[in-house]
Amino acid sequence: MTAGARPRTSPEIETLLLAKTDFQAFLDQLWQGGYRVIGPTIAQQAIVYDEVRRVEDFPRGWTDEQSGGQYRLKRRDDEAWFGFVVGPHSPKRYFFPPQVAVAQADRTATGWQFSEVPDQEPPYALLGVRACELAAIAVQDRTFINEQYVDPIYRRRRERALIVAVNCTQAASTCFCTSMNTGPRCTKGFDLALTELPDSFAVEVGSDRGADVLSTLTTTAASEVELQQAEVARQQAVDQITKRLDTKDIRDLLLGNLEHPRWDEVATRCLSCTNCTMVCPTCFCSSVKEVSDLTGDHVQREREWDTCFNWDFSYMNGGVVRNQIRSRYRQWLTHKLASWIDQFDVSGCVGCGRCITWCPVAIDLTEEVAAIRETPA
Amino acid sequence: MSVQASSAIAENPWLAQSVEIAAVTPELPGVATYHLRFRDAGLNARYRFRPGQFNMLYLPGVGESAISLSAANENSGTWDHTIRVAGNVTRTLAGLGVGGELALRGPYGTCWPLDECAGADVILVAGGIGLAPLRPAIHTCFAERKRFGRTTLLYGARSPDMLLYRRDYDAWTDRGLNLSATVDRSQPGWSGDVGVVPLLVDRLRPLTPANSVMFLCGPEVMMRYNVRSALERGLRRDQIWVSLERNMQCAVGLCGHCQLGPAFVCKDGPIFRYDKIERFLNVEGL
């Protein structure tokens, strides 16, 4: 790991308590420290990531109900701040933005000048990051930082970010992080990790950077009772997870069944709408388009998220390689769960369940894998 | 496998370098060789590539296209790219004359494994414009003649007037290349073969399978049938390399477009040893 949260060099310290009444001071501190603070907030009837300045910005007292093709906000019967699971956004959109200029060209008297576009984003403090999202960040680190070629925008944003994780205390019917060994407990990759209690947060420190931030806040040592309460809350999430994905030999299973009839069957349901890839916290495909000003003398090369579900994604002069939805769904699933392992030595799936929730026809990748496992070639 | 031209390119894969068209050699209808020179003379002197690698050629406001290098032209001090007009970038490029400016980043991708083939008979099999990425390999075989056994080129084009680099064939033959060409459709004056390239593979004599390597570049269906013929002639799958084409946008394994199974064709390819890619290459629509 070259980026982001570095392991602490000092001995572990005890879990501390940060009172909810002191949380605004925490936010203020982060903004004053130069961070752009991103956290969960409600927009367009969903809990999304956006700037948070006040504790009132958090979806306090709201929860999300999720199932295949279904996402609904609902009032809670308490005022929990993080009493929900994951929404359509993920931290991906901050390190690997949906649209960003990667290079530019300017016409001058002596010809074109080609240059980088300096990334001006202030450092992010990402607040409310869940265990599956921490895992997704680690997956994307491998793509954008740890390979032969490095994405400079991703690396810069990633390395400067402060990550404040939140342990899940409940699960959706779409969650299967326990199958992917990515959660629900936050174990690494954070600067600070919070577990919500009724009036406070139990705070664990994951890095020196996190310790520095925490040292400026008013905290108290957590008592045995509070530690126990936090443990019970976290266990509740584990107990609520019902969805399973059997990952045994999954790479060979899928790559050994590239002509399985299930690909034809799922193609009759899949709309190739791209939703699954847009909400996926690890999908990294993109395209670059040319954006000229009116004079044509200044051209920006803008990278946008793209997806293997777009028909022309595999376009070549000889034709489109994946001309059928069958081919495109097969590409997505086999890449995510199988060939990703060849490429990056890790699964591309973290078990967050977003692709199940946001699929308009409720295709569930765990069911697709199970169907292939039932009748392998 | 790929060689970095400069540290700037290594740091930001999107940063392209300014090049100008020093000369244009018309080759075939819709095909020309563009002799490119870096505006930075130091960079032009430092630039290196290995046969089979490609560059991303960029026209501001139009886009980028992945183009294999077809020669390091020592006479003119240029880096040559043989390009067929096929899309917006190549069409706009064709409209630029000598002195025209574009940008280049690269080289990218894997190369023909000439370093591992010392002493072997080298059989090059090309279809159409697929000869262009093999031309630097031909040049290497000439430059390091003693390192290789027999060198053979089996080449097919649609018609005699579509044979690429035809002006060079006599010189290539004089330098020891065994060249056989075939066409799909004959024309007046053609006394050579008519038919598909695998017929040339079937007829290749002499052939010492155990001591041969085969490099293929052309349409996938053409390569598939040639591989079949080569296997029938006794070559093993690990003696055969193929150069693949896919939609390449970033060239550095970050954009995802060029994937074929686990491979990023841009950085794990474009040249693959056949036994390592066969299983995915032969799945339709993968």
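Predicted model: local features only at pLDDT ≥ 70, side-chain atom pairs only at ≥ 80, totals over all residues.
Leaving aside neighbours within four places in sequence, with which residues is B:Leu216 in contact?

1. Overall form of chain B. The chain contains eight helices and 16 strands. Its radius of gyration is 18 Å, close to the 19 Å that the globule rule gives for 286 residues, so chain B is as compact as a globular protein of that length. Along the principal axes, its C-alpha atoms fill a box of roughly 50 × 45 × 40 Å.

2. Burial and contacts within chain B. Of the 286 residues in this chain, 52% are buried. When contacts between residues at least 6 apart in sequence are considered, 71% of them join residues at least 24 apart.

3. The side of chain B that touches chain A. Here 31 residues of chain B are in contact with 40 residues of chain A. On the chain B side, the residues comprise 14 nonpolar, 13 polar and four charged.

4. The largest nonpolar core. This core holds 193 residues, and those touching the most other members are A:Ala125, A:Val164, A:Ala165, B:Leu124, B:Phe215 and B:Leu216. The element that gives the most to the core is helix H3 of chain A (residues 131-144), with nine residues. As a general matter, nonpolar side chains in soluble globular proteins tend to be buried together.

5. The surroundings of B:Leu216. To return to the opening question, the contacts of B:Leu216 beyond its neighbours within four places in sequence are B:Val125, B:Met223, B:Asn226, B:Val227, B:Ile240, B:Trp241, B:Val242 and B:Ser243. B:Leu216 is also one of the residues that touch the most other members of the largest nonpolar core.

6. Strand S9 of chain A. This strand spans residues 162-166, and five of its five residues are buried. Both of its faces are covered: A:Ile163 and A:Ala165 lie on one side, with A:Leu162, A:Val164 and A:Val166 on the other. Two of these residues, A:Val164 and A:Ala165, are named among the core members that touch the most others.

7. Strand partners of S9(A). Strand S8 of chain A (residues 124-129) runs parallel to S9(A), and four bridges join them. In this pairing, A:Ala125 has A:Leu162 of S9(A) as its bridge partner. S9(A) also pairs in the parallel sense with strand S10 of chain A (residues 192-196), over three bridges. There, the bridge partner of A:Ala165 is A:Ala193 in S10(A).

Terms used: Residues numbered from 1 in each chain as written. Chains lettered and ligands numbered in written order. Helix = DSSP H or I, 4+ residues; strand = E, 2+ residues; numbered from the N terminus. Rg over C-alpha atoms; globule rule 2.2 N^0.38 Å. Buried ≥ 20, exposed ≤ 12 C-beta atoms within 10 Å, placed from the backbone. Contact = placed C-beta atoms within 7 Å. Nonpolar A, V, L, I, M, F, W, Y, C, P; charged D, E, K, R; others polar. Core = buried A, V, L, I, M, F, W, Y, C linked by C-beta atoms within 7 Å. Pairing = 2+ DSSP bridges.
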